[in-house]
Amino acid sequence: MNCKCGHKAVYFKRYSGQHLCERCFTRAVFKKFKDTIRVNGLIERGDAIVCGVSGGKDSLVLLHLLHQLQEKFNFNLIALAIDEGIKGYRDESIPFIRKACKDLDVDLYIDSFKEKYGYTLDEITSIKDRVGACSYCGVFRRNLLNQSSRELGATKLALGHNLDDESQVILMNLLRGDFSRFGRTGTYYKNLHPKFVPRIKPLREIPEKEIVLYAYLMNIDFDFEECPYAPEAFRGDVRNFLNEMEEKRPGTKYTLLKTYDKMFPTFNEMLTPEHISTCETCGEPSISTFCKKCEMLDHIKKNY
Amino acid sequence: MVKVKLLREKKEMDIQFIGKIKDLLPQLSYSIETAVVIKNDVPVEEDEEVGDGDELKILPVVSGG
C-alpha cells in the first residue's frame, strides 16, 4: 500500500487506518510526542530536563526526540543512567547509552546501586528471605533517579514509558485490585514534596511497536535484550492479553489509557496523601518515618 | 526459500514460504503486535507479500524492562 503522499508505506497504523511512508511515519511519531508535551504542559522554556536512559529502545528514542525538540524550544537536556549491577545485561547496554549521548552531544551521568547503596542488584538477590528482584530494583531505581536528577538541578525527570507499558500497568492494577496505586501515574503530577522532581512521560501515547520502528528508521542503536530478572509472569499475561485484543480490536490500548486519564483527576484527588514527610535515615521524601528504600537496605544488611 | 533472521534469538533460518507477512509471523512465534519486519532492508506492512529470495529481519517489539 502507499502512503497518502504517494510513497510506499512502511507502517500500517491499524488503529487509525493510515498507511504511512518512512517520512510521514517519523513525522507522526514526533508530532505525537510533541502534542503530548504541549497538551499536558510537560516542558516549559528554560526547564532542565534529565532524561533517564537504560540503553533500551524507549529511553534512547526519548532522548533523540527531546534532542530534536530542543531545536524548537529552549531547555537543557542531560542523560542519567542507573547501573543496577545486573551482570550480562546492564553492563552490555551501557555502551549503547554512551554512543547515543556522544552522537547527540548530550552530557551523561551514570550512578550505580553499588556506589550509592553498597550492593549490586545481583548481590541483593543473593540474600535469603528476600522479595522479588523487581521490587528492590523498582524502589532503588526510583529513589536514585529522583535524588540524582535533583542533584543535577533537574526541573523535570523524563522517562520512556510507552503506551504498552502504561496500558499494562492500568490493567494490572485493576485486575489485582490495587486501588491505592490508581492516581499515582497520569498526565500530570502534583508537587507533593520539594525534594520530588516531577516525572514526565512524553511517550505514553506511542505504541511500543512504533518506538521500535522509529529507532530502526532513525538508526538508533539499542539493546534488544530483556532484563534477566524481568518479565513478571503477571505482566506477561496482561501484555499477551492486550496484544491479542489490539490485534482483534485495534485501538484497545489507547482507549484504555484515555479512559484512565479521564478518571485520573478523581483518583488523584482521592488517593494522594495530604502530607509527605521525610525519612529519618536518609532525608528523602517518605510517607512513613523510614522510607521503603531504607527499610529494604536495613533488611539486606542484616541478611547479607 | 525465504531467509529469516531473528534478531533477539540471534538465529538465522531458511523457510519455505510464499504469502503475507502476517501469516508467516505465527510460525516464528511472533504476531503483528510483537514484531517489526524488515524485508530486504526496508520495513514493511503486515500485508506485504514475501517469497523466494527475500530476506527478512524480525525485530522484537518487547525488550528492556
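Let's start with chain A: among its contacts (heavy atoms within 4.5 Å) between residues at least 6 apart in sequence, 74% join residues at least 24 apart. Before I go on, a word about what you are looking at. This is a predicted model, where local features need pLDDT of at least 70, side-chain atom pairs count only at pLDDT 80 or more, and totals for chains, interfaces and linings use all residues. Residues are numbered from 1 along each chain as its sequence is written, chains are lettered from A and ligands numbered from 1 in the order in which they are written, and side-chain values use heavy atoms, with hydrogens and water left out.

Now, what is chain A built from? Its secondary structure has eleven helices and nine strands. Helices here are DSSP runs of H or I with at least four residues, strands are runs of E with at least two, and both are numbered from the N terminus. The radius of gyration of chain A is 20 Å, close to the 19 Å that the globule rule gives for 304 residues, so chain A is as compact as a globular protein of that length. That radius is taken over C-alpha atoms, and the rule is 2.2 Å times the number of residues to the power 0.38.

How much of chain A is buried? Of its 304 residues, 52% are. Buried means under 20% relative accessible area, exposed means over 50%, and partly exposed is in between, with a 1.4 Å probe and protein chains only.

Let's zoom in on one strand. Six of the eight residues of strand E4 of chain A, residues 76-83, are buried, so this strand is largely enclosed by the rest of the structure. In general, strands of a sheet pair through backbone hydrogen bonds, either parallel or antiparallel. Which sense do E3 and E4 of chain A use? Strand E3 (residues 48-53) and E4(A) pair in the parallel sense, over six bridges; two strands count as paired if DSSP finds at least two bridges between them. To find one of these spots on your screen, look for Gly52(A), whose bridge partner in E4(A) is Leu80(A).

Asp105(A) is in the loop between helix H3 (90-104) and strand E5 (107-112). This residue has a positive phi of about 60 degrees although it is not a glycine, and it is exposed, with a relative accessible area of 69%. Asp129(A) also has a positive phi, near 50 degrees, in a residue other than glycine. You will find Asp129(A) in the loop between helix H5 (121-124) and helix H6 (133-151), exposed at 58% relative accessible area.

Leaving aside neighbours within four places in sequence, Gln147(A) is in contact with Lys116(A) and Glu284(A).

Next comes Lys195(A), in the loop between helix H7 (163-176) and strand E7 (199-200). Lys195(A) is partly exposed at 29%. Not counting residues up to four places away in sequence, Lys195(A) touches Asn146(A), Arg150(A), Gly283(A) and Pro285(A). The C-alpha atoms of Lys195(A) and Thr278(A) are 9.3 Å apart, although 83 residues separate the two along the chain.

Over to chain B. Chain B has one helix and seven strands, and along the sequence the pattern reads β-β-β-α-β-β-β-β. For 65 residues, a compact globule would have a radius of gyration near 11 Å, and chain B agrees with 11 Å. Its C-alpha trace spans about 35 × 20 × 20 Å along the principal axes, and 55% of its residues count as buried.

How are the strands of chain B arranged in its open sheet? Five strands run in the order E2-E1-E7-E4-E5, with mixed pairing. At the edges are strand E2 (11-15) and strand E5 (42-43), each pairing on one side only. Strand E4 (residues 35-39) and E5(B) pair in the antiparallel sense over two bridges, and Ile38(B) stands opposite Pro43(B) in E5(B).
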